[in-house]
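Reader: I have a chain open and want to go through its side chains. Can we start with the aromatic rings?

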Amino acid sequence: MKIKNLEKFLAVSSVVLMTACGSMPNKAPVIERGAAPATETVVVPVAKPALKADASKATYVVKRGDTLYRIALDHGQSYSDLVTWNNLKNPNDIKVDQVLRVAPPDLNGVQSVPVAAGALEVKPLPLPASNSLGNKNSPKGDKKSYSEANLAELQKQDVSSAASAPVSRPEVAAPAKVAEKATDTPATDGDAVDWMWPADGKVLAGFDESKNKGLDIAGRMGQDIFSAGAGKVMYAGSGIRGYGNLVIVKHNNSLLSAYAHTKTILVKEGQSVTRGQKIAEMGNSDSDSVKLHFEIRLQGKPVDPARYLPAR
C-alpha cells in the first residue's frame, strides 16, 4: 500500500516539475553586429614636379659695341627693366662678356610645363577612437522576453541612434593646381593689334633683314607721326646709336613698334597711347635726310611691317 502511494507521489511531482519548466520565460536574444573595418582608403593624386624649361634665352652675353638700350630693343624689353633686373648702378658701364638678364627673374622668359597627375597614393584613414556607430556587443539593460515585436523595436532604436551619431568623413586632398604660364602666349601676325600707317609719305626703302630692319618713309620736317597701334611707351629718348630721337611703343607681350629719327618726342616712358595718337614730329636726328624709320618687332626680332600694315 505504501509503495502505491509513493508511485503516485512521484508521478504528481514529475508533472509539476515539467509544467514549471515549460512556463519559464525565454531569454532576450543577444544581437551581435560585425565591427566596421579598421581603416578606409582614399585615392589621392600625387603631383609630379613641373619640368624645367630651357632658360638660356633669359640671359644675354654683352658683345663689343653693345649698349643697354640696344640690348633692350633687340629683346623687346624696357631699358629700365634691364637696369632693375640686373641691379645696374651705372647703366652706361656694361662690359664685354658680362651676362645680363633679359627676362623677368621670376619668369626666365619661358613657359612652365603644366603639372601632370602622377602615381596614385593610397592613404589609410583611421576611424574615430570612440564607437560612434553604437555597435551592440551585449544585451540592453531592460531585458524583454523574446518576440518578433520586441526584436523589431530594438532594431528600430539601433537605427535611430546610428543615424543621429556624427559620421566623420575622410578628407580628400585637393587636386594639384596646373602651373600658371610664366609668359603670355606670343602674339602672331598682328594678333590683338589694329595697325595703321604711322605717317603719310612715300616709302623710300623697304624691309631687308640684313640692310634695313623696317620701312623708311619720306616726309617733311615737323610732320606728324602717329602711333601705329594702341599700347604703352616703352622708351623715349636718343640712347640707341643710329636711331636718333626714338620712340618705342609696346603693344602686347610680343609686339612693339619703333619710330626713329624724329625731331621732337611728344610722349613719355610709361604713358599709354591710342591708335592714331600723335607721338612725335618727323626730323633727321642721326640721319642724312628727313624721314621716319619705322620698325615692328616680334619677340624683339625685326619683321616686315608690310605684313602688318593695311594696304594703301
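Author: First the criterion: rings of Phe, Tyr and Trp (its six-membered ring) pair if their centres lie within 6.5 Å, and planes under 30 degrees apart count as stacked, over 60 as edge-to-face and the rest as tilted. This is a predicted model, in which local features need pLDDT of at least 70 and side-chain atom pairs count only at pLDDT 80 or more, while totals for chains, interfaces and linings use all residues. Residues are numbered from 1 along each chain as its sequence is written, and side-chain values use heavy atoms, with hydrogens and water left out.

Reader: How many aromatic pairs does a search of the whole structure find?

Author: The search gives 2 aromatic pairs. Trp 195 and Tyr 308 are edge-to-face, 5.9 Å centre to centre with 65° between the planes. That pair links distant parts of the chain, 113 residues apart: Trp 195 is in the loop between α4 (148–164) and β5 (203–205), and Tyr 308 is in the segment after β14 (301–303). Helices (H or I, at least four residues) and strands (E, at least two) are DSSP runs, numbered from the N terminus.

Reader: Trp 195 and Tyr 308, buried or exposed?

Author: Both Trp 195 and Tyr 308 are buried, meaning under 20% relative accessible area, with exposed over 50% and partly exposed in between (1.4 Å probe, protein chains only).

Reader: And which pair is tilted?

Author: Tyr 259 and Phe 294, at 5.3 Å centre to centre and 55° between the planes. Tyr 259 is in strand β10 and Phe 294 in strand β13 (residues 291–298), 35 residues apart. Tyr 259 and Phe 294 are also buried.

Reader: Switching to His 251. Where is it found?

Author: His 251 sits in the loop between β9 (245–250) and β10 (255–265).

Reader: Why does His 251 count as buried?

Author: Because its relative accessibility is 12%.

Reader: What does His 251 touch?

Author: Leaving out residues up to four places away in sequence, the contacts of His 251 (heavy atoms within 4.5 Å) include Val 193, Trp 195, Gly 229 and Leu 256. A polar atom of the His 251 side chain lies 3.5 Å from the backbone oxygen of Gly 229.

Reader: What about the chain overall?

Author: The secondary structure comes to 4 helices and 14 strands. Of the 312 residues in the chain, 30% are buried. Among contacts between residues at least 6 apart in sequence, 68% join residues at least 24 apart.

How values were computed: Polar contact = N/O pair within 3.5 Å; in protein donor to acceptor, adjacent residues only side chain to side chain.
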